[in-house]
Amino acid sequence: MYSEKVMDHFQNPRNVGEIENASGVGTVGNAKCGDIMRMYLDIDDKGVIQDVKFKTFGCGAAVATSSMATELVKGKTIQEALEVTNKAVMEALDGLPKVKVHCSLLAEEAIHAALWDYAEKHQIKIEGLDKPKSDISEEEEEEEY
């Protein structure tokens, strides 16, 4: 059912925790399944993500997608991090069961929410970043997988 990579990131999640005085913090959830994901970014003066941490309350797939998302954005520029989609997270994990795709959407939105928080704190606009939803369950119903 789950790939080896999903199981590895669930059982040995990377970058768990909080960053004190983070450059950006984003929290998103899915009211239907109860998953909540919070992502912390430490972004340097050149716009590069130096560190990233997460805290997730949810199922194994939610933990695995959070962990993989942090791996995909660490060391990247803001613009590169913005390009990390739920599909990229799923591909990096060698896929997710259809009923768990919403977990990868949470990971993408958590990155966007943390970048949005960073932009607001620094009074800048990040090209291509729209205000993220705090609850992705409405979006999930609209999309076909």
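Cys-103 is in no disulfide either, with the nearest cysteine sulfur, that of Cys-59, lying 3.7 Å away. As for accessibility, Cys-33 counts as partly exposed at 38% relative accessibility, while Cys-103 counts as buried at 0%. Here buried means under 20% relative accessible area, exposed means over 50%, and partly exposed is in between (1.4 Å probe, protein chains only).

A word on the ground rules: this is a predicted model, in which local features need pLDDT of at least 70 and side-chain atom pairs count only at pLDDT 80 or more, though totals for chains, interfaces and linings use all residues. Residues are numbered from 1 along each chain as its sequence is written, and side-chain values use heavy atoms, with hydrogens and water left out.

On to the sheet. Three strands form an open sheet in the order β1-β2-β3, with antiparallel pairing. Strands and helices are DSSP runs numbered from the N terminus (E, at least two residues, for strands; H or I, at least four, for helices), and two strands pair if DSSP finds at least two bridges between them. The edges are β1 (24-29) and β3 (49-57), each of which pairs on one side only. Neighbouring strands are turned against each other by 15 degrees on average, direction ignored. Between β2 (residues 36-43) and β3, which run antiparallel, there are eight bridges, and Ile-36 stands opposite Phe-57 in β3.

Helix α2 (residues 60-73) packs on this sheet, touching β2 and β3, and its direction makes about 175 degrees with that of β3. Contact means heavy atoms within 4.5 Å; axes are lines fitted to C-alpha atoms, for helices over the stretch in contact, and angles run from 0 to 180 degrees between N-to-C directions.

After the helix comes Gly-75, with a positive phi near 85 degrees.

Ser-3, in the segment before α1 (4-11), counts as buried at 14% relative accessibility. Its side chain reaches the backbone oxygen of Leu-93 at 2.5 Å. Leaving aside residues up to four places away in sequence, Ser-3 touches Leu-93, Asp-94 and Gly-95. Lys-87, by contrast, lies in helix α4 (residues 86-92) and counts as exposed at 53% relative accessibility. Its C-alpha is separated by 16 Å from that of Tyr-2, 85 residues apart along the chain.

Technical notes. A polar contact is a pair of N or O atoms within 3.5 Å; within protein, one must be able to donate a hydrogen and the other to accept it, and residues adjacent in sequence count only if both atoms are side-chain atoms. A disulfide is a pair of cysteine sulfur atoms within 2.5 Å.
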